[in-house]
Number of protein chains: 4
Amino acid sequence: MSIQVAINGYGTIGKRVADAVTLQPDMELVGVAKTSPNHEAELAVEKGYPLYAAVEERIELFEDAGIDLAGTVEELVSAADIVVDATPSGIGAENKSMYDDLDTPALYQGGEDADLVDTSFNARGNFEAAEGADHVRVVSCNTTGLSRLLAPLEEEYGIEKARVTLVRRGGDPAQSGRGPINDILPNPVSLPSHHGPDVNTIFPDIDIDTLGLKVPATLMHTHSVNVTLESTPTADEVRDVLDEQRRTFLIPEEHDIDGAGKLKEFAMDRGRPRADIWENCIWSESASMEGNDLYLFQAIHQESDVVPENVDAIRAVLSTADASDSIVRTNEAMGVGF
Amino acid sequence: MSIQVAINGYGTIGKRVADAVTLQPDMELVGVAKTSPNHEAELAVEKGYPLYAAVEERIELFEDAGIDLAGTVEELVSAADIVVDATPSGIGAENKSMYDDLDTPALYQGGEDADLVDTSFNARGNFEAAEGADHVRVVSCNTTGLSRLLAPLEEEYGIEKARVTLVRRGGDPAQSGRGPINDILPNPVSLPSHHGPDVNTIFPDIDIDTLGLKVPATLMHTHSVNVTLESTPTADEVRDVLDEQRRTFLIPEEHDIDGAGKLKEFAMDRGRPRADIWENCIWSESASMEGNDLYLFQAIHQESDVVPENVDAIRAVLSTADASDSIVRTNEAMGVGF
Amino acid sequence: MSIQVAINGYGTIGKRVADAVTLQPDMELVGVAKTSPNHEAELAVEKGYPLYAAVEERIELFEDAGIDLAGTVEELVSAADIVVDATPSGIGAENKSMYDDLDTPALYQGGEDADLVDTSFNARGNFEAAEGADHVRVVSCNTTGLSRLLAPLEEEYGIEKARVTLVRRGGDPAQSGRGPINDILPNPVSLPSHHGPDVNTIFPDIDIDTLGLKVPATLMHTHSVNVTLESTPTADEVRDVLDEQRRTFLIPEEHDIDGAGKLKEFAMDRGRPRADIWENCIWSESASMEGNDLYLFQAIHQESDVVPENVDAIRAVLSTADASDSIVRTNEAMGVGF
Amino acid sequence: MSIQVAINGYGTIGKRVADAVTLQPDMELVGVAKTSPNHEAELAVEKGYPLYAAVEERIELFEDAGIDLAGTVEELVSAADIVVDATPSGIGAENKSMYDDLDTPALYQGGEDADLVDTSFNARGNFEAAEGADHVRVVSCNTTGLSRLLAPLEEEYGIEKARVTLVRRGGDPAQSGRGPINDILPNPVSLPSHHGPDVNTIFPDIDIDTLGLKVPATLMHTHSVNVTLESTPTADEVRDVLDEQRRTFLIPEEHDIDGAGKLKEFAMDRGRPRADIWENCIWSESASMEGNDLYLFQAIHQESDVVPENVDAIRAVLSTADASDSIVRTNEAMGVGF
C-alpha cells in the first residue's frame with residue numbers, strides 16, 4: 001500500500017510538496033490543513049486535495065466561505081503514515097507535541113530550530129540519518145543548496161575550508177511588504193552567519209564560514225562560493241563531478257543566462273510548474289581553480305529547491321528506499337533535471 | 001483542412017503564439033523561423049516545432065550548433081496560409097515585401113507602425129476590420145488592455161473622454177540590462193503619450209488622453225484609469241459589465257491580491273504556462289463612480305495578453321470565424337479565463 | 001524679540017525644520033525633543049541644538065549614553081512661543097493636551113487627522129486660515145505639492161475638475177524595511193484615494209479625484225496630473241503662470257532630467273543640504289493642453305517639501321507676517337528656488 | 001606658488017575633484033574642460049570655474065548656449081602644472097599624447113588600463129611610486145576601497161590570502177538607463193574577476209581572488225571580505241588597527257546603520273557635499289576572526305572615494321609632500337573622517 005502523507009500548512013512550501021507527493025507512485029496525499037479559507041484553500045479544493053482545518057475554532061470561517069472541510073488537522077494526521085509540517089517558522093515547534101500524541105512521524109522545514117528534531121536532513125548529504133526518526137528537519141533552501149554542492153566536493157577532493165557569501169533575495173515575488181528597495185544590507189551584520197552552523201547539522205566536520213547579505217531581488221538567492229580543497233583538480237574535473245550530480249544544473253556558457261531572470265525564463269519555457277527550479281544552478285563558466293581554491297557562483301530557488309528533499313525525507317523516515325533509489329524516483333516523478 | 005500557420009520570430013511573443021496555435025483544433029503550426037541557434041532554437045526542437053532559418057547567411061551557424069533546419073523562412077512562409085511576424089520592432093516592416101512577394105497574408109506586432117498595415121486589430125474591438133486584409137497589426141499589450149476595457153464601456157454607456165496613466169514596467173523579467181533601478185521616469189515626458197493615438201487605431205472616435213511612466217518593476221504594467229461616461233451607472237453595474245467580458249478578470253476583494261506579484265502567484269498556482277496572464281486584471285474593489293467619472297486600476301501582462309489576440313487575428317484575416325465564435329474557441333483551447 | 005520655536009521630534013521632518021528655523025532671522029530655536037539617545041540625538045548635540053527628553057522615563061538612557069539634556073519636553077514647550085510637532089503619525093494627537101495645558105500653539109504634520117486641528121495649512125493655499133489658531137496641521141508632502149499647483153490654476157483659470165494619479169515612492173532611502181521590491185501596488189485599492197479629500201482641507205471647493213500607487217523607488221513621489229480648466233489657455237501660458245510661482249521649479253527641457261535621480265543630482269550639485277528639493281518639480285515639456293484639459297508631471301520630495309511650509313505656518317499662527325511676505329522671507333533664508 | 005591644476009572632464013568624478021582641489025590651500029584650479037554645454041557646464045560657470053572646450057569643433061555649441069569659454073583644453077593643460085583626466089573610460093587613453101605633447105603630467109581614473117601609465121596609485125598603498133611619474137592612474141573606487149583595507153592588514157599581520165566578493169551597485173543614482181531591475185547578476189561570470197589583479201597594481205605581492213556581482217541598488221558597493229592573516233589577532237585588535245586609519249570609518253554598532261541608505265543619511269546629516277562618503281565604511285560589528293580568517297563587510301561610495309586620492313596623487317606626482325603629510329592635508333581641507 002502506498003505511503004499516506006498528510007501536509008500541515010498549504011503556503012509556499014506546502015502547496016508545492018502536495019503536488020510533488022501526488023506525483024509519486026508510492027505515495028498518496030491524505031489531505032492538507034489550512035488555517036483560513038483564502039484563495040489557497042480554494043486552490044486545494046480545485047485540485048481535489050481534501051482540506052482540513054488547522055485550527056478548530058476557525059472551522060466556522062470555512063463554512064461561511066462555503067468551503068467544505070474533510071475534518072480537523074488531528075484527524076488528518078491520524079490518518080497518515082507521516083506528516084509534512086509546512087507551517088510558518090516557529091509553528092512547527094508548537095505542533096510537535098500533537099504529532100507525538102498522535103504517534104505520527106513528522107518532517108519540519110528549515111525555519112525550525114535544529115534542536116527541535118532528531119536530525120536535520122538533506123538527501124544527498126545524510127539520507128540515512130533520518131531512517132526511523134520521529135522528528136526530522138529538512139534544512140532551508142540555502143543550506144540545501146550548499147549541502148548538494150559540498151557533498152560531492154568533500155567525497156572527491158576533501159574540503160579544507162569553505163567560505164561562502166550568500167547574496168539573498170529580500171523577499172519572494174508575492175511578498176510585497178518586504179524590502180529593501182534600493183540597498184544592499186549585510187544581514188546578519190555579525191559574522192559568520194548562521195548558515196555555516198546550519199550546514200554543520202548535515203556535515204558536522206566541514207569547516208565552513210558564511211556571510212549573508214540581502215538585496216532588492218525576489219527571484220533566487222545567489223551564492224558566491226569559495227572552497228579550499230584538499231587536492232587540486234582542474235576546473236574541468238570539478239565541472240564533471242558537479243555535472244554528474246542529480247540535483248545540480250551546470251548552466252552552459254552558450255545559453256547566455258546572466259542571472260535569475262533568464263534562469264526562470266529557461267525553466268518556464270521547459271514547462272516547469274510555478275516556474276520552479278529544484279536544482280542548484282551553477283554557472284559552468286564560473287567554476288575555476290586558483291591553486292587549491294575552487295570558486296563558483298550558484299543560484300538557488302528559495303521557494304522550491306527543498307521540495308524534492310521533503311519527498312525523499314518521507315522515504316528516509318519510513319525506510320522504504322535508500323538514498324540513491326529515492327532520489328532517482330523523486331526526480332523521475334517530478335521531472336527534476338534539465 | 002486546418003489553417004497552416006508560420007511564425008517568423010521565436011522570442012517572447014513568437015514562442016507563446018506558437019504554443020497557442022498548436023492548441024487550436026483548426027490550426028496547424030508549419031514551423032518557426034529564428035535568426036540564431038540559441039537555447040530558444042533548442043526549445044523549438046525540443047517541442048517538435050520545425051525550425052527555419054530567418055537569415056540565409058546564418059544557416060551555417062545552426063549546422064555548427066548541430067541543430068537541424070527544415071529550410072529557409074521563405075520556404076516556411078510559402079508553405080503557410082498566414083504568417084505571424086513576431087520579430088523585434090522594426091524588423092516586421094523589413095519583412096513586409098517578402099510576405100507580399102510570397103503572397104501570404106501577415107500579422108505584425110504592436111512595435112510596428114500603424115501605417116505599415118491595412119488595419120490594426122483587437123478581437124473585442126474591431127475583429128471585422130481584419131477580414132480579408134493582407135497586412136494586419138495586433139496592437140501592443142497596453143493598447144490591447146485598453147481596447148478590451150473601453151469596448152464594453154463605449155457600447156454600454158458611451159465614453160465622453162478617457163484619461164489613463166500607464167505605470168509601465170521597466171523591462172521584462174529576463175531583460176537584465178534594462179532600468180531604471182530606483183526611479184520613476186515620466187516616459188515619454190511630452191504629453192499626451194502615443195498610447196492614446198494607438199487606441200484610436202482600434203476606436204477612431206474615442207476621445208482618449210494617455211500619460212506614461214516607467215518604474216523599476218518587471219512583472220506587469222498597471223493602468224490608472226479614468227473614463228468619463230456619457231451616463232451614470234453604479235459601480236456595481238460597471239463591475240457586472242466588465243465581469244461578463246471574456247478576457248477581463250475582476251480580482252475578487254477577498255483574494256487579498258495587492259499587486260502583480262500575487263497575481264502571478266495566483267496564475268502559477270492555476271497551472272498557467274510560463275505564468276502567463278492573458279486577461280486584463282481589474283481590481284474589483286477599485287472600480288468606482290464619482291458622478292459620471294469611472295475610476296479603476298488594471299494590471300496587464302506585457303508578455304502574453306496579445307497572444308490570444310494573435311490567434312483570433314488569424315481567423316479574422318482568413319474569415320474562418322466571426323469575432324464571438326473565434327474568441328470563444330481561442331479561450332477554450334488556451335484556457336483563457338480564471 | 002525673535003520667535004521662540006520648540007521642535008518635538010527630531011527625525012526626518014524635525015531635523016530639517018530645526019535647521020530651517022535656525023536660518024530665519026526672526027526665529028530662534030529653543031531646542032528639540034527626542035525619545036531616545038541615538039545618533040540623531042548626537043547630531044542635535046553636534047549642531048548645538050539644546051536637547052530635551054520627549055519621555056521622562058527615558059532620561060536615564062540619555063545619561064547612560066553620556067548625552068546632556070537641557071530638560072523635559074514640557075520645559076521645552078513652556079519656554080517657546082510655538083511648538084512644531086514632528087513626531088510620528090498619531091503621536092501628535094497624543095501630545096495635543098500637553099500643548100493645550102502649557103498654552104502653547106502647536107503645528108502638526110500631515111500624518112495627523114484633519115479633525116485634530118483648527119485648520120490645515122498650505123502657505124500658498126490658505127495662509128490666513130491659520131492666523132491665531134491654536135492647532136494647525138501642515139498638510140502632507142503630496143497634498144502640499146498639489147496645493148501649490150492647484151492654487152494658481154484655480155486663480156488664473158478656474159478648475160472644473162482635477163484628476164491625479166500619485167505614483168508614490170515605497171519608502172524613504174533609509175527605510176530599508178519597506179517594500180515593494182518588484183511590484184506596482186494600487187494603494188489604496190479603493191478609489192478615490194484620501195489625497196483628494198486632503199486637498200479639500202485646503203481648498204474646500206475644488207473638485208478633485210485622486211488615485212495612489214506604490215512602487216519600488218525611494219527618491220521622490222511623481223504625480224500624473226490632469227486638470228480640466230474652466231478656460232483654455234495655451235500650454236505656454238500655463239507654463240508662465242507656474243514659472244512665476246515661488247515654490248515650483250519648471251525643469252527646463254535642455255537639462256535632460258528624466259527622473260528623480262537626475263533631479264537629486266541637480267540639487268546636490270547646487271549644494272542643497274541633505275539633497276533636499278523643497279520645490280514642486282514640474283517637467284516643463286510635459287505641460288500640455290488638450291481642449292481645456294491640462295496635463296503635466298511633477299515630482300515631489302517627500303522628505304522636505306513641507307519644511308518651508310512649517311516655517312511659514314509659524315508666522316501665520318503668530319500673525320507676524322502675511323503670506324507673501326512670509327514666503328519670500330522663508331525662501332530667501334533657506335535658498336528656496338533654483 | 002600654489003599648484004596649478006587642470007581638470008579635463010566635468011562629470012561624476014571631475015566635478016568632485018574640482019571642488020576638492022579648490023579647497024586645498026596649496027592648489028589652484030586653472031579650469032575645467034567639457035565636451036558639451038549642458039547643465040553641468042552651467043554648474044561650472046555658477047561656481048566660477050573657468051570653462052574650456054574639450055573638443056574644438058564644439059566651441060560653437062557653447063556659444064549658441066550663451067556659455068562663455070576660457071579657451072580650449074590644450075590651453076587649459078598648457079597653463080597647468082598637472083592635469084586630472086576625469087573623462088569617461090577609454091577617453092583618457094586618447095588624451096595621453098596631448099598631455100605628452102604639452103609636457104604636462106597627467107592623472108587618469110580607474111577606467112583606464114593599468115598599462116597606459118607609469119604606475120597605478122593609492123595614497124595609503126603606494127604614494128611614493130607616483131613621485132616624478134608622467135602618467136599615473138588613480139585606481140577605481142573598488143580597488144581604492146580594497147587597498148585602504150589591505151594596506152594596514154598586510155603591515156600589521158601579513159596577508160596569506162584575501163578573498164573578496166564585491167556586491168556592486170548596478171548604476172549610479174542618476175543613471176536611469178542601467179539595470180538590473182530585479183536580479184542578482186554574477187558579473188563577470190568568469191572567475192576570479194579583474195578586481196584582484198587591479199589590487200595587484202598597488203600591492204604586487206598580495207595573493208587575492210575576487211568575485212563580482214551586480215544588484216539593483218545605486219547608493220554604494222558592498223564588499224564581503226575574507227582575509228586569511230599570517231597571524232591571529234583578536235577581532236578587537238583588528239578593529240583598533242582599522243580605526244586608526246585615516247580613511248576608514250568603523251560604523252559603531254549603536255548607530256543602527258544597516259546599509260547604504262542609512263549611511264548616506266548619516267553623511268547628509270553631517271553636511272557632506274553631494275552626500276559624499278569618502279571613507280571605507282566598515283561595519284564594526286561585522287569584523288570577526290575565525291582562526292586566522294578575518295571577515296568583515298565594508299561599503300564603498302563609488303562616486304567619491306577616489307576624490308581625496310586624486311588630490312593626494314597631485315602632490316605625489318609633483319613631490320610636494322610625502323604620503324602621511326598629504327593625506328592629513330587633504331583630509332583636513334575636505335573634512336574627511338566622521
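A salt bridge is a side-chain nitrogen of Lys or Arg within 4 Å of a carboxyl oxygen of Asp or Glu. The views below apply that rule to a predicted model.

**View 1. A salt bridge inside chain B joins B:Asp207 and B:Lys161.** The closest N and O atoms of this pair are 3.5 Å apart. B:Asp207 sits in the loop between α8 (195-200) and β11 (208-215) of chain B. B:Lys161 belongs to strand β9 (residues 159-169) of that chain. The pair therefore ties together parts that are 46 residues apart in sequence. How many salt bridges does a search of the whole structure find? Over all chains, the search finds 100. Side chains of opposite charge can pair when their charged atoms come close.

**View 2. Chain B meets chain C.** The contact draws 43 residues from chain B and 43 residues from chain C. About 3500 Å² is buried between these two chains. Carbon and sulfur atoms give 61% of that area. Which residues of chain B lose the most area to chain C? They are B:Ile184, B:Tyr295 and B:Phe297. Together these three make up 17% of what the chain B side buries.

**View 3. B:Arg163 reaches C:Asp293 across the B and C contact.** The two side chains meet in a salt bridge, at 3.2 Å from N to O. Between chain B and chain C, the count is four salt bridges.

**View 4. A rotation relates chain B and chain C.** Turning by 180°, with 0.0 Å of shift along the axis, superposes chain B on chain C. The RMSD is 0.0 Å. The two copies are thus related as by a two-fold rotation axis. Which C-alpha of chain B is nearest the axis? That of B:Pro216 is, 3.0 Å from the axis. Both copies use the same surface, as 100% of the contact residues of chain B recur in chain C.

**View 5. Chain D meets chain A.** Here 43 residues of chain D are in contact with 43 residues of chain A. The two chains bury about 3500 Å² between them. Of this area, 62% lies on carbon and sulfur atoms. D:Ile184, D:Tyr295 and D:Phe297 supply 17% of the area that chain D buries against chain A. That is more than any other three residues supply.

View 6. How many salt bridges does the rule find across the interface of chain D and chain A? The rule finds four.

**View 7. A rotation relates chain D and chain A.** Of the residues of chain D, D:Pro216 comes closest to the rotation axis. Its C-alpha lies at 3.0 Å. The same surface serves both copies, with 100% of the contact residues of chain D recurring in chain A.

**View 8. The largest cavity is lined by residues that include A:Leu219 and B:Leu219.** Rolling a probe the size of a water molecule over the atoms shows where empty space is left. The structure holds 10 cavities of 30 Å³ or more. About 270 Å³ of space lies in the largest. Its lining has 23 residues. A:Leu219, A:Lys264, A:Met268, B:Leu219 and B:Lys264 lie nearest the centre. Which helix gives the largest share of this lining? α10(A) does, with five residues. At least two lining residues each come from α10 (260-269) of chain A and from α1 (12-23) and α10 (260-269) of chain B. By type, the lining divides into eight nonpolar, four polar and 11 charged residues.

**View 9. The second largest cavity is lined by residues that include C:Leu219 and D:Leu219.** The volume of this cavity is about 240 Å³. Its lining counts 18 residues. Nearest its centre lie C:Leu219, C:Lys264, C:Met268, D:Leu219 and D:Lys264. α10 (260-269) of chain C and α10 (260-269) of chain D each supply at least two residues of the lining. α10(C) gives the most, with four residues. How do the lining residues divide between nonpolar, polar and charged, and how many are in each group? Eight are nonpolar, two are polar and eight are charged.

Terms used. Residues numbered from 1 in each chain as written. Chains lettered and ligands numbered in written order. Predicted model: local features only at pLDDT ≥ 70, side-chain atom pairs only at ≥ 80, totals over all residues. Heavy atoms only, no water. Least-squares fit on C-alpha atoms with pLDDT ≥ 70 in both. Contact = heavy atoms within 4.5 Å. 1 Å grid on protein atoms, 1.4 Å probe; cavity = no way out; pocket = protein on both sides within 12 Å on 5 of 7 lines; lining within 4 Å. Points joined across faces, edges and corners; volume = space filled by probe spheres on them. Nonpolar A, V, L, I, M, F, W, Y, C, P; charged D, E, K, R; others polar. Buried area = accessible area lost by both parts, 1.4 Å probe.
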